[in-house]
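Please read them with the structure open.

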Amino acid sequence: MSAPEAERSGGTVERRMKELGVSRWPLHLVGGLLLLEAAGLAAAGTLNFTSPVLGELFPELRPWGTPVAVGFLVLAPLALAAAVGFFRLWGTAWLIAMMLQGLSLAVALTLYLLLEEVPGYLYAVMAYSTLMVFYLNSQGIRASFRPGGRGRA
């Protein structure tokens, strides 16, 4: 798409940011945090599939290794999509990010309730998701994805 076409369609991120009067750095910060989360979820899922060492470190996870791996590996692309959406200011990026946090918490809480000995990384997943929910609900982030800009309630 050429520059004049992008301006006619209003498709440039910079133009929309200027119209909304929103700073770009909070969106980049959330995008970076979502990329970090995607990498962590992918690593946790891959380790649960491939590492016999993980089964020795956390023997309570042995029977749950494959479901845990699938759960984390399904959430990783969702986190990647949300991160790209925050960098590109897609209208659904905020919704995807919030769904991701809810699903991450659901997986972690399910494992917390099912396992007798809880591995420490589940606490990290729960804490990270909770903090992300608070940050995603901050006024600056929500205003960036509000249909009418900052003026609407």
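**Notes on the predicted model**

1. The largest nonpolar core has 29 residues, and those with the most contacts inside it are Val30, Leu34, Leu41, Phe86, Ile141 and Phe145. A nonpolar core here is a set of buried Ala, Val, Leu, Ile, Met, Phe, Trp, Tyr and Cys residues joined through side-chain atoms within 4.5 Å. At least two residues of this core come from each of α3 (25-50), α5, α6, α7 (120-136) and α8 (139-145). The largest share, eight residues, is supplied by α5. Helices are DSSP runs (H or I, at least four residues), numbered from the N terminus.

2. This is a predicted model: local features need pLDDT of at least 70, side-chain atom pairs count only at pLDDT 80 or more, and totals for chains, interfaces and linings use all residues. Residues are numbered from 1 along each chain as its sequence is written, and side-chain values use heavy atoms, with hydrogens and water left out.

3. Ile141 touches Pro26, Leu27, Val30, Phe86, Trp94, Tyr135 and Leu136, not counting residues up to four places away in sequence. Contact means heavy atoms within 4.5 Å.

4. Helix α6 (residues 93-114) has 22 residues, which at 1.5 Å a residue should span 32 Å; its end C-alpha atoms are 31 Å apart, which agrees. The expected span is 1.5 Å times one less than the number of residues. The buried residues of α6 are Ala93, Ile96, Ala97, Leu100, Gln101, Ser104, Ala108 and Leu111. They cover an arc of only 140° around the axis, so they sit on the same side of α6. The arc is that of the directions from the helix axis to the C-beta atoms. Buried means under 20% relative accessible area, exposed over 50%, and partly exposed in between (1.4 Å probe, protein chains only).

5. Gln101, in helix α6, is buried at a relative accessible area of 0%. Its side chain is joined to that of Glu37 by a polar contact of 2.9 Å. Such a contact is a pair of N or O atoms within 3.5 Å; within protein, one must be able to donate a hydrogen and the other to accept it, and residues adjacent in sequence count only if both atoms are side-chain atoms.

6. One aromatic pair is found in a search of the whole structure. Tyr112 and Tyr123 form this edge-to-face pair, 6.2 Å centre to centre with 70° between the planes. Rings of Phe, Tyr and Trp (its six-membered ring) pair if their centres lie within 6.5 Å; planes under 30 degrees apart count as stacked, over 60 as edge-to-face and the rest as tilted. Tyr112 is partly exposed at 37% relative accessibility.
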